Amino acid sequence: MNICQSERKMAAQSLHNDFDSIVIGAGIQGSYTAYHLSKNYKTLLIDQFTLPHSRGSSHGKTRIIRKAYYKAYYTQMMTECYQLWNQLEAEANVELFRQTGLLVLGTEENSEFQTMKSTLIQNKVPTESLTSEEFSRKFPAVNLPKEVSAILDKTAGILYADRALKTVQDLFRRFGGTIRDGEKVVDVQPGSLVTVTTTTGTYRAKNLVITAGPWTNKLLNLVGLQLPLKTLRIVVCYWKEKVPGTYGISKGFPCFLRISRNSNQHHFYGLPSNEYPGLMKVCYHSGSDADPDERDIIFQQPSQDVNFLSDFLSKEFPGLDPKPAIVEYCMYTTTPDQDFILDHHPEHSNIIIGAGFSGHGFKLAPVVGKVLCELSMGKKPSYDLSPFKIHRFRLNLKSSL
Ligand SMILES: Cc1cc2nc3c(=O)[nH]c(=O)nc-3n(C[C@H](O)[C@H](O)[C@H](O)COP(=O)(O)OP(=O)(O)OC[C@H]3O[C@@H](n4cnc5c(N)ncnc54)[C@H](O)[C@@H]3O)c2cc1C
């Protein structure tokens, strides 16, 4: 090869590896961001694992979608999320959402239950309050303690998570986006063009979005930033119905959110039996600290979270065998206030961070992706992002950068 040919080859290679935007992390947040970007910009989406994989936070068959939130800004974002999920279903001609409703169960003295109720009402979300007689008539297989009230968010339901993730990635490719999976990002060099090096290649872009789920701080270490994120190992349990179908989707059983029964406990939530026939998914909204790379180490002791769940189910869902039939694992990445982080890197404005989805981010991914796309393109975000800013925390910036 003469000098001219080799220069032409290098120029072609560099054009091939130059993008408007690079997104690191092909979970639901990164994939949705890349989907929005790819409609107008040359976009690369990178993941360390071959897709699909079950090592992060976006795998599994189902997630709950709801408007019931005690922080009104999430309820307000959900209006557009529902529209964008519908749009995605139409673009790909697949079913991603099934409406079931969601029962919010809690005591009237509980401030979270009260605020959730008033947020639903103030935002004119279709709801139904059930008296204890109405509740027992409609849901005879639930033993609701007499001090517990019930309100139904009628808009809520199930998102088919694995299918949704694949759909977003398929459409991203259809719009001209490039996916490089099985490539771990090992270096990021900030600059007006950000250079990203993976285990197999080097890429450059005008801006970079980091949506690395529980690996976020490992990646941010490369760009001199650490955020107050905790990574938790969550047990995902399925429980056998003593009589198949008792809590079945086909019998109209809804999703539920049981606000914590006492101050030492977190919430319980569940979905009607559907994905595995005769099994109902009920989980505890917390877990134990874990490094995402060590999530699947088998522990000798039964998890305390499974014990909490067994105890709760034997009291309030007597139609379930209180011993889990299936246990799977997933990761939460939580912030101290449970609010997301959607912001620019404090020192490198063309590096955007989407993190800390605190176990409730899947349903909001269409709007999260939209605002991360807007931030990376220097546009005014469609929503007030003040609850999601990095400066609400005391920053740990490395002076070496
Ligand atoms: C058990 C459970 C139940 C949940 N239930 C609900 C629910 O009912 N409703 C709801 O709305 N939300 C729910 N969530 C939360 C929701 O699933 C998460 O908020 C969401 O999936 C987070 O997505 P993510 O893209 O931020 O992270 P992830 O899915 O973890 O994606 C991050 C990606 O980054 C990649 N990555 C990391 N480091 C690198 C690197 N160095 N190089 C390349 N790639 C890298 C990873 O491989 C990974 O694919 C639940 C979560 C769990 C665990």
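An oxygen atom of the ligand is 2.7 Å from a polar backbone atom of Ile64, a polar contact being a pair of N or O atoms within 3.5 Å (within protein, one must be able to donate a hydrogen and the other to accept it, and residues adjacent in sequence count only if both atoms are side-chain atoms). Taken alone, the ligand exposes 1,000 Å², and the protein buries 96% of that; accessible areas come from the Shrake-Rupley method with a 1.4 Å probe, and for residues only the protein chains shown count as cover. This is a predicted model, in which local features need pLDDT of at least 70, side-chain atom pairs count only at pLDDT 80 or more, and totals for chains, interfaces and linings use all residues. Residues are numbered from 1 along each chain as its sequence is written, and side-chain values use heavy atoms, with hydrogens and water left out.

**The ligand and its shell**

- There are 36 residues around the ligand, and Asp47, His53, Ser58, Ile64 and Cys330 come nearest; a residue counts as near if one of its heavy atoms lies within 4 Å.
- A polar backbone atom of Gln48 is 2.9 Å from a nitrogen atom of the ligand.
- An oxygen atom of the ligand lies 3.0 Å from a backbone N or O atom of Phe362.
- The shell holds 18 nonpolar, 13 polar and 5 charged residues, where Ala, Val, Leu, Ile, Met, Phe, Trp, Tyr, Cys and Pro count as nonpolar, Asp, Glu, Lys and Arg as charged, and the others, Gly among them, as polar.
- Helix H2 (28-38) and strands S3 (62-65), S14 (230-241) and S19 (320-334) each supply at least two residues of the shell; helices (H or I, at least four residues) and strands (E, at least two) are DSSP runs, numbered from the N terminus.
- The largest share, 3 residues, comes from S19.
- The ligand lies between domain 1 (3-57 + 162-223 + 338-397) and domain 2 (102-154 + 230-334), because both give residues to its shell; the domain bounds come from an automatic or database domain assignment.

- Buried means under 20% relative accessible area, exposed over 50%, and partly exposed in between (1.4 Å probe, protein chains only).
- Strand S10 (residues 185-189) pairs with S11 in the antiparallel sense over 4 bridges, and two strands pair if DSSP finds at least two bridges between them.
- Gln189 has Thr195 of S11 as its bridge partner.
- The hairpin of S10 and S11 has 4 residues between the strands, and Gly191 there takes a positive phi near 160°.
- S11 is also joined by 4 bridges to strand S12 (residues 202-210), and these two run antiparallel.
- Val194 has Ala205 of S12 as its bridge partner.
- The hairpin formed by S11 and S12 has 3 residues between the strands.

**Backbone features in loops**

- The peptide bond from Leu51 to Pro52 is cis, with omega near -5°. Pro52 sits in the loop between strand S2 (43-46) and S3.
- Lys124, a residue other than glycine, has a positive phi near 55°. Lys124 is in the loop between helix H4 (111-122) and strand S6 (127-130), and counts as exposed because its relative accessibility is 71%.
- Gln338 is not a glycine, yet has a positive phi of about 65°. Gln338 is in the loop between S19 and strand S20 (341-344), and its relative accessibility is 33%, so it counts as partly exposed.
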